[in-house]
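These are my notebook entries on one structure.

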Amino acid sequence: MKLIFEKSQPGRRGIGVPKPDLPVPEVPSELARKEAPRLPELAEPEVLRHFTELSTRNFGIDTGFYPLGSCTMKYNPRINERLVGLPGFAGLHPLVEDDAAQGALELEWRLQEILLEVTGLDAVSLQPAAGSQGELTGLMLFHAYFRDKGEDEQRRKIVIPDTAHGTNPASVTMSGYELTPVKTDARGNIDVEDLRGKVDEHTAGLMLTNPSTLGLFDENIEEIRDIFRSVDALMYYDGANLNAVCGISRPGDMGFDVVHINLHKTFSQPHGGGGPGGGPIAVRDILEPFLPVPVIVNDSGTFRLDYDRPKTIGKVRAFTGPFGVFVRSYAFMRSYGPGLREMSEVAVLNANYMLARLKNDYDLLYDRLCMHEFVLSARNLKKEHGVNALDVAKRLMDYGFHPPTVYFPLVVPEALMIEPTESEAKETLDAFCDAMLAIAREAADEPELVHDAPHSRPVKRLDEVRAAKEQIVRFRFEEHPAEQRAGDRELELQKGA
Amino acid sequence: MASSESYPDDLLYHPEHDWARIEGDEAVLGVTWYAQDALGELVHYEPPDVGATIGKNSSYGEVESVKAVSDLVSPLSGEVLEVNQKVVDAPETVNEDPYGDGWLIRIRLANPDEQTQLLDLEAYRKVLEEA
Amino acid sequence: MSYLSLTAADRDAMLATIGVASVDELFRDIPPAMRYGRALDVAPALTEAELQRHLEELAGKNVVDEICFLGAGIYDHYVPAVVDAVLQRGELLTAYTPYQPEMSQGVLQAIFEYQTAVCELTGMDVSNASGYDGTTVAADACFVAKHATGKSKIVVTEATNPQVRQVVKTYAPGFGLEVVEVPHEGGTTDPARLRDAAQGAAAVIFQQPNFFGILENAPELAAAANDAEAMPIAHVDLVSLGVLEAPGKYGCAMAIGEGQSAGNAMSYGGPHYGFLAARSDLIRRLPGRIVGETVDAAGDRGYVLTLQTREQHIRREKATSNITTNQTLLALAGLVHLSLLGPRGLRELGDTCMALAAYAKERLGAAGLEPVFSDKATFKEFAIHTGRPARDALGDARAKGVYAGYPLGRDYAGLDDALLVAVTEKRTVEEIDRLVEALS
């Protein structure tokens, strides 16, 4: 399929711009653009068709089952799209005085209240733009808290299990801490003996995903909490897997001091091909003074933004956060109400059902009940038939499914990480399991069929080595003379032409 | 393109799958067949600067495939005399010829006695069996 | 309301397959003391119609019918209908990061086109797939500069958006960076003073047009940074780049900014997207996703996420950033808008903003509301003296249905009577006349 730049023809355009009958000031020549940018020139119908055609070469939850482990690809209610577009939300400037934003502030405050109930903590900042930014913000709060106590110099280490998402260690580095990795035991829990030797007065805290990326609830969580409490260290809860325990178990009650909530996962945000997301954090009262500014204050039903917070860490993003994300997630929460618990129950039921159907034909390193997701291994297929996890993933496409997450977590070889979410009908779960079982048979009978998959997508397997070596990361106009004619020319200097 | 599995017996090995060929008071360093096979086709080599001092058991650079990145662990201490430009330009040379054209750096040994701590082929094969 | 499918019979059959008696049993690994033994204390579930009414009530409490002259980083530009149509395509809207390229050629190609458009506009060689917003990309750029230069000082001009500066300062301690601000002089930055401050710095961040809407002598600022061997980083407005020179043409190492102006509603501050583009030699240090062109097994062109070894899921604690989720959907909105405009439309958009803003500045001046920085060329935004506390002037104008601007005293000492007025192509001559009347 052509790039939009390859469809460009000089002189076409898609949308007009108002032209008031006013003189246009001259830009000083040393600051003025000399060559027009080679943006595409197309009429509106071609622009719409181009992007519609792109959409047909893509797969979303609206298209079908998307069990991408760790990403919680659940249904995105269409009503939420309508709500976020309400003129009173979409047309609101973020810097208006608080009296003009009472509805927005009330929505944010109500969202915070629900997050407090779900997490069992005391205060919220909605500002972080994604889970990873929530992590970084949480670690900044660790620094601020210990600096306030005069212990920041002493406490340099953050403990992270080897099953963690890569964001955790990356956030540790970005926040200026040092990483202390800890091992996983034979049941998929943190290795408590390994942990004991690594936690001391130099430890600032723990970052933990619970349930873990293996989809397992850490059975030793009380012991782990006591270890960190005994040295007055803090505990950070990576809320990536909150979809397993909403209304069932609360991070605050588990002993965690900071939680980030991936609104785009648990509380249904269309993932948009990579974003947006939202990563609010909830904290225990001891950390509240350090939260980013502004903080939303509710004065008996009148809401205002408070910037006067002497101990604040500052700002991690502009304004109060990604407001449209809040509208969608708030709407999602309100449509479930206390039924958020049932949401998590069904997510866990679905995952365990699939696990029960698949565990005899794929390897399972930790044979336990899972939570909202589970991790199989294709190492048996690789050893016996030379078919690896990537091959299984690609072959699933031919059956009409988005593949699971593969090769993560790193502690499982040939990992296939499957997260069905609560959204799916039993028939869908069965069809996916049937496909997985069929692929296991194909691996034995017709391994080439699996190796060469996918057979039904707009493209075959892509050469990633070539992409990394050639590094073509933008359209090269100079190698496409036809397009050069369309774009690479002197700027039309006549104003308002 | 890929070479077949081999481990020359005239090299000294490090358990992190690096090798050293001693040449007088200098040594040539690289990664073993096992290491390049585990990584897959290499697409990038981040070498040290010529003249840099590197320490035994510490990282002197990185190699990358599309899905993985690996520290290059030096089996010996010394000063970097030469970087293999051919691998900088064509990292897949390591996959094609890990012990020949795919060498990574040449160093002047800071402490020649260190070589006695490295593994011979027999000892390295035991490491491979456990991996 | 619920979005769940399972019937009671489904649940029974599934529990039987699992081999447990109840859903409760599935949670047996959670210690009893950590179970939440009661129903969540949240309001009852709403039906879709009730939800719509509730949210309409909340939206109705916001004031959006005042004529908007408020900018300061977020602008009331027109968003074309085709943008909405494209963003509501479920295949694009409800997909995630294109880890599996065969399932995601649509998003991958769109990002590749976005990267191309951002490079064209900024004159840079490479662009990532977007960052969170115009503030966080500034912090990202500092991280890049620190690692590329090995230096640990960042210089930011005071005429750069205050929120950008705040975010950079919040991130700086973790990065081991010291942040130095260079004051403005009469609304712009003095290149000689910037050169002095930039000695020993990893990078210099300046904004063009700057926070006051004024055109800095950006080529001289970039040259001053380069003289001091600090990386020049320009924070720019995409909408201005039809008329203003591309940062890549005057020696910048990176160009960053807030992308909201292209394709996105103001939406009380987000979600929007930040763009980050750089010289080609910095590609391995860039944060976030990058899409590259390649071929498939049949030799046909296709696109993949590339250079992923920079990223947290592979490099973990040594990654160039912790970013995972970015703002692809909002960046796509920007691409669609820019594609509809084309080079001529973008140029006209800049011209119209400048023409209307110049008219507003002249009329306000004639009414006794003098520009704060009278001799400086501006783009779509400018500061005026109101002759009294700016919040009072703002309040009086709002009573007449006009949201007149941003009180600069919030961020700049000594500018308590100053209002920053933004004029986009959506404003009309009549509306500007009402602004003048409302402030007079």
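Which residue forms a salt bridge with Glu66(C)? I found Arg398(C), with the closest N and O atoms 2.9 Å apart. I count a salt bridge when a side-chain nitrogen of Lys or Arg is within 4 Å of a carboxyl oxygen of Asp or Glu.

Ground rules. The model is predicted, so I note that local features need pLDDT of at least 70 and side-chain atom pairs count only at pLDDT 80 or more, while totals for chains, interfaces and linings use all residues. Residues are numbered from 1 along each chain as its sequence is written, chains are lettered from A and ligands numbered from 1 in the order in which they are written, and side-chain values use heavy atoms, with hydrogens and water left out.

I placed Glu66(C) in the loop between helix 2 (48–60) and strand 1 (67–68) of chain C, and Arg398(C) in helix 12 (residues 390–399) of chain C; the two are 332 residues apart. Helices (H or I, at least four residues) and strands (E, at least two) are DSSP runs, numbered from the N terminus. Glu66(C) counts as buried at 15% relative accessibility, and Arg398(C) is buried as well, at 12%. Buried means under 20% relative accessible area, exposed over 50%, and partly exposed in between (1.4 Å probe, protein chains only). I also found Glu66(C) and Arg398(C) in a network of salt bridges that links them with Glu97(A), Asp99(A) and Arg391(C).

I searched the whole structure and got 77 salt bridges over all chains. One of them joins Glu219(A) to Arg368(A), the closest N and O atoms being 3.6 Å apart. Glu219(A) sits in the loop between strand 4 (203–208) and helix 8 (221–230) of chain A, and Arg368(A) in the loop between helix 12 (340–358) and strand 10 (374–377) of chain A, 149 residues apart. Glu219(A) is partly exposed at 25% relative accessible area, whereas Arg368(A) is buried at 7%.

In chain B I looked up Glu26(B) and Arg106(B), which form a salt bridge with their closest N and O atoms 3.0 Å apart. Glu26(B) is in strand 3 (residues 26–31) and Arg106(B) in strand 9 (residues 105–109) of chain B, so this pair ties together parts that are 80 residues apart in sequence.

I took helix 5 (residues 105–122) and helix 11 (residues 328–366) of chain C: they pack at an angle of about 50°, with their axes 9 Å apart. Axes are lines fitted to C-alpha atoms, for helices over the stretch in contact, and angles run from 0 to 180 degrees between N-to-C directions. The two helices are therefore oblique to each other; under 35 degrees counts as roughly parallel, over 145 as roughly antiparallel, 65 to 115 as roughly perpendicular and the rest as oblique. I noted 11 nonpolar, 1 polar and 1 charged residues in the contact of helix 5 with helix 11 of chain C. Here Ala, Val, Leu, Ile, Met, Phe, Trp, Tyr, Cys and Pro count as nonpolar, Asp, Glu, Lys and Arg as charged, and the others, Gly among them, as polar.

The residues in contact (heavy atoms within 4.5 Å) include Tyr330(A) and Arg334(A) of helix 11 of chain A and His54(C) and Leu58(C) of helix 2 of chain C. They divide into 6 nonpolar, 2 polar and 1 charged.

I found a cis peptide bond between Phe408(A) and Pro409(A), omega about -5°. Pro409(A) lies in the loop between strand 11 (405–406) and strand 12 (415–418) of chain A. Glu414(A) lies in the loop between strand 11 and strand 12 of chain A and has a positive phi of about 50° although it is not a glycine. Glu414(A) is buried, at 10% relative accessible area.

I noted another cis bond from Gly270(C) to Pro271(C), with omega near 0°. Asn57(B), not a glycine, has a positive phi of about 70° and is partly exposed at 46% relative accessibility.
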